[in-house]
Structures are given as C-alpha cells and as structure tokens.
Amino acid sequence: MTVKQIIRMGNPILYRQNQAVTEFNTPALDQLIADMFETMEALDGVGIAAPQIGEALTVTVFGFEKSQRYPNAPPVPKTVLINPVIEPLSEEKNDGWEGCLSIRSDEITLRGLVPRYTKLRYSGYDQQGNFFQREVADFHARLVQHEYDHLQGKLFPFRIEDMRYFGFEAEIAAIRESMDRSNGAGT
Ligand code: NI
C-alpha cells in the first residue's frame, strides 16, 4: 500500500471522464483500493475517489469511526463503492459544510456550504464484484453524493449556492458555529 499524492482542484485530471470497472479481483484493482484507503486515512479524510489519485475509474472508498475533520459526524461503515448509482428518496435537501482532500493543503482548508439530498438509495459493487445497495440519510448520504460527484468530474464548490459561504476554514468558523446552533447544519 502506498500513500499517493492527491490531485488538487484546477488539475484537469479531476475533470476527465471516468470508466466503469469491468473486471474485479484483479491485482490492479485491489492495489488501487488499498492505496485509496491508505491515502485517505493518512490525510484524515472520510472519503476519496479514484480520480483524486489519478485513476480514471468509477471507484470510491469512504467510511470512518471518528474524524477530526468532521468531529460531529456519526460513523459511516468502511465501504468500497464501485460503479455507483444514486437515487434520491425524496426531494428534500439540507445544507452542510464540506471540505475536500483536493481543496486543501497542509496549512489551508477551504470549506463551503453545500445543499445535498437528505435521503437516498445507492447501489454498486464491492471490491469482490458483489452488487449491494443501501438506503442512507444525512451525513452518510452527503458523503456518498460528494464522492459520486468526483466520479462525474464535479467538486463541491460547483454546488455552492451562496459563495459567501465558501472560504478559509478559520475565517468562516464563526458563521459555521452560529449556523450549527440555529439549524444543526455543519457536517
Ligand atoms: Ni472530495
């Protein structure tokens, strides 16, 4: 396993068309997934998509017990999700604060307030090629939508509706706190 360099916003690699995985249980796929977990965990991320380490495949991994970057988020099971499909289960959306491993450096983290569907069903394949589906809500649903977007060449700032709520984490901390108190947003 190797900690890979993260491709950051502005690099065209993040905006390429990604290919579906057609062969499972190959050394290349298993290596890619191991590297994605290793890289995500080294950076205290909660999810990562293959394009972020330069692989144009529809593979994402996510999940955590506890996250320093999202201290209020409930745990999400460690998941390998390949060739995903997402279906919202209602029209309801809520706002939450997001960051991204592709939009930070050691010194700087940018955050933005992003509306996402609150409840959805996702389906796809696990590392061994078994089909599975889950119905999820709230942070888990947000995380899946964020990672799914990476596979479509979209980053979270593309979805921010009010750009005043995009900025350096330290600068927007006060806004975040006041919103957390008023409406519970603040993933
Ligand atoms: Ni991201």
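Trainee: Which residue forms a salt bridge with D149?
Mentor: R159 does, with the closest N and O atoms 2.5 Å apart. A salt bridge here is a side-chain nitrogen of Lys or Arg within 4 Å of a carboxyl oxygen of Asp or Glu. This is a predicted model, in which local features need pLDDT of at least 70 and side-chain atom pairs count only at pLDDT 80 or more, while totals for chains, interfaces and linings use all residues. Residues are numbered from 1 along each chain as its sequence is written, and side-chain values use heavy atoms, leaving out hydrogens and water.

Trainee: Where do R159 and D149 lie?
Mentor: R159 is in the loop between α2 and β8, and D149 is in helix α2, so the pair ties together parts 10 residues apart in sequence. Helices (H or I, at least four residues) and strands (E, at least two) are DSSP runs, numbered from the N terminus.

Trainee: Is D149 buried or exposed?
Mentor: D149 counts as buried, at 4% relative accessibility. R159 is partly exposed at 32%. Buried means under 20% relative accessible area, exposed over 50%, and partly exposed in between, with a 1.4 Å probe and protein chains only.

Trainee: How many salt bridges does a search of the whole structure find?
Mentor: The search finds 11. One of them joins R121 and E87, at 3.3 Å from N to O. R121 is in strand β6 (residues 119–125) and E87 in strand β3 (residues 76–88), 34 residues apart.

Trainee: New topic. What is the order of the strands in the open sheet of three?
Mentor: The order is β4-β5-β8, and the pairing is antiparallel. Two strands pair if DSSP finds at least two bridges between them. β4 (93–98) and β8 (166–168) each have a single partner strand, so one side of each has no neighbour in the sheet.

Trainee: How many bridges join β4 to β5?
Mentor: Six, and β5 covers residues 110–117. Within this pairing, D95 stands opposite P115.

Trainee: Which helix lies across β4 and β5?
Mentor: Helix α2 (residues 138–151) does, running at about 105° to β5. Axes are lines fitted to C-alpha atoms, for helices over the stretch in contact, with angles from 0 to 180 degrees between N-to-C directions.

Trainee: And H150, buried or exposed?
Mentor: H150 is buried, with a relative accessible area of 3%, and lies in helix α2. Leaving aside neighbours within four places in sequence, H150 is in contact (heavy atoms within 4.5 Å) with residues including L14, C100 and L155.
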